[in-house]
Amino acid sequence: MGIDLGGAFTIAGVSGAQALKFAGSADALTIDTTGRTYYPNQIGFIAGINTDPGWVAQTSAAWNRQNWMNNTSYNKGGGYAAGRFTAPVAGSYLFHWTVYQYKPSAVQGNYVHPQFWINGASQPTSYRLKAYFTPAGYSFDSEIADIFYLNAGDYVDIYVYSSAAGISLYQAHGLFSGFLVG
Amino acid sequence: MGIDLAGTTLTSSAGLVATYSGSQIMKMGSTGVLQRYNPGQPMFRAGGSGTAAWVVFAAASTWDKVVFNATNVNVGSCYNTSNGRFTAPVTGVYLMVAHTYYHGNTAGWYTHPMFWVNGSSNARRPSAGAQHRMRGHGSASGYEEDTDSLEIISLIAGDYVEFYNYGGGGPNQWLPQYSRYEGYLLG
């Protein structure tokens with residue numbers, strides 16, 4: 001039972017809450033009896049790896065694409081697969097990345113640039129610099145977050161530039177996530 | 001004048017306004033802006049009360065739960081200032097953000113800031129391991145770093161989230177009045 005707006009979109013009372021949706025689809029928006037609003041099927045993903053390969057060395061003086069995140073705890077909208085998120089609809093998305101990294105001996109003064117790439121291209125405005133002059137033999141993380149406006153079909157990958165041989169990352173301590181915020 | 005949907009009222013006022021129990025819960029404005037802010041939306045912002053003062057963690061090389069003892073936003077009392085827990089009031093995807101202003105007390109100190117869910121370091125996550133960050137490693141004793149951490153976490157109603165800092169070396173210390181813990185229901 002609900003109000004039909006034009007034959008497709010309905011507003012319906014569901015267990016004391018209101019739900020807005022297209023006919024036959026899952027709820028797009030819920031307004032509950034305490035006034036909370038949420039999107040039960042909002043586009044987004046949270047990805048990691050479900051095995052533990054240990055430390056994985058990165059190619060030196062190169063952008064290393066991180067596409068090993070083979071498992072998701074949330075993936076609605078069908079946008080995430082094999083380390084890449086493709087925007088199902090246009091909008092503003094929040095992205096987050098973190099991974100545990102290590103600088104071996106003899107490379108103090110080297111660094112990494114974790115970065116979100118869009119449509120296969122580096123984003124100069126997204127440059128970060130991690131571990132520069134962290135002493136050799138110590139660890140760090142390369143956590144970053146960004147908000148991007150994407151058109152439908154745009155895709156986002158994670159790249160980490162490693163300036164020296166031997167810099168490694170611990171995949172099991174990594175996460176890549178994104179969510180449509182508006 | 002509006003449409004009453006079993007308690008939620010839709011009215012037209014420079015856009016479409018949804019109201020529940022007299023409070024605006026959503027507005028689709030005439031300029032095309034969708035405002036979702038409302039008094040009931042799950043959110044909290046916690047920090048340390050009083051005059052700035054360092055607090056030493058109890059022991060060296062242990063997981064230390066960080067308890068922020070004051071809030072200036074705490075919708076529905078979703079955050080508990082006694083035990084440092086945020087409890088998800090509804091199933092959904094949450095944005096969690098936190099940092100401690102952190103001071104290392106011994107040579108070789110470090111900290112792993114991390115969100116724990118239901119008392120576990122990787123519950124509700126897709127990864128085989130916990131989401132270790134690593135801060136301060138390689139800094140000299142007596143120096144400081146923040147532990148700024150962010151995570152998007154899918155939670156089930158009743159799940160609770162706490163902010164932990166593993167204290168490598170130490171015992172290390174933190175400054176509650178320069179630190180914060182926040183959460184918000186994204187969707």
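Predicted model: local features only at pLDDT ≥ 70, side-chain atom pairs only at ≥ 80, totals over all residues.

Arg125(B) sits in the loop between strand E14 (110–117) and strand E15 (144–146) of chain B, while Glu151(B) belongs to strand E16 of chain B, and so the pair ties together parts that are 26 residues apart in sequence. As a general point for those who are new to this, side chains of opposite charge can pair when their charged atoms come close.

The next pair is that of Asp148(B) and Arg180(B), which form a salt bridge with their closest N and O atoms 2.7 Å apart. Here too distant parts of the chain are linked, since Asp148(B) is in the loop between E15 and E16 of chain B and Arg180(B) is in strand E19 of chain B, 32 residues apart. Are these two partners buried or exposed? Asp148(B) has a relative accessibility of 35% and therefore counts as partly exposed, whereas Arg180(B), at 15%, is buried because that value is under 20%.

If we return to Arg125(B) and Glu151(B), salt bridges that share partners join them with Asp141(A), Glu143(A), Arg133(B) and Arg135(B) into one network. Over all chains, a search of the whole structure finds 14 salt bridges.

One of these is the contact between the side chains of Glu182(B) and Arg45(B), at 2.6 Å from N to O. Glu182(B) lies in strand E19 of chain B and Arg45(B) in strand E6 (residues 43–47) of chain B, so that the pair links parts of the chain 137 residues apart.

That brings me to the strands themselves, where five of them in chain B form an open sheet with antiparallel pairing, in the order E9-E6-E19-E12-E16. The edge strands, each pairing on one side only, are E9 (70–74) and E16 (149–155) of chain B, and the twist from one strand to the next averages 15°. Within this sheet, strand E12 (residues 92–99) and strand E19 (residues 180–185) of chain B pair over six bridges, and in E19(B) the bridge partner of Leu95(B) is Tyr184(B).

How values were computed: Residues numbered from 1 in each chain as written. Chains lettered and ligands numbered in written order. Heavy atoms only, no water. Pairing = 2+ DSSP bridges. Helix = DSSP H or I, 4+ residues; strand = E, 2+ residues; numbered from the N terminus. Axes fitted to C-alpha atoms, helices over the stretch in contact; angles between N-to-C directions. Salt bridge = Lys/Arg side-chain N within 4 Å of Asp/Glu carboxyl O. Buried < 20%, exposed > 50% of the residue type's maximum accessible area, 1.4 Å probe, protein only.
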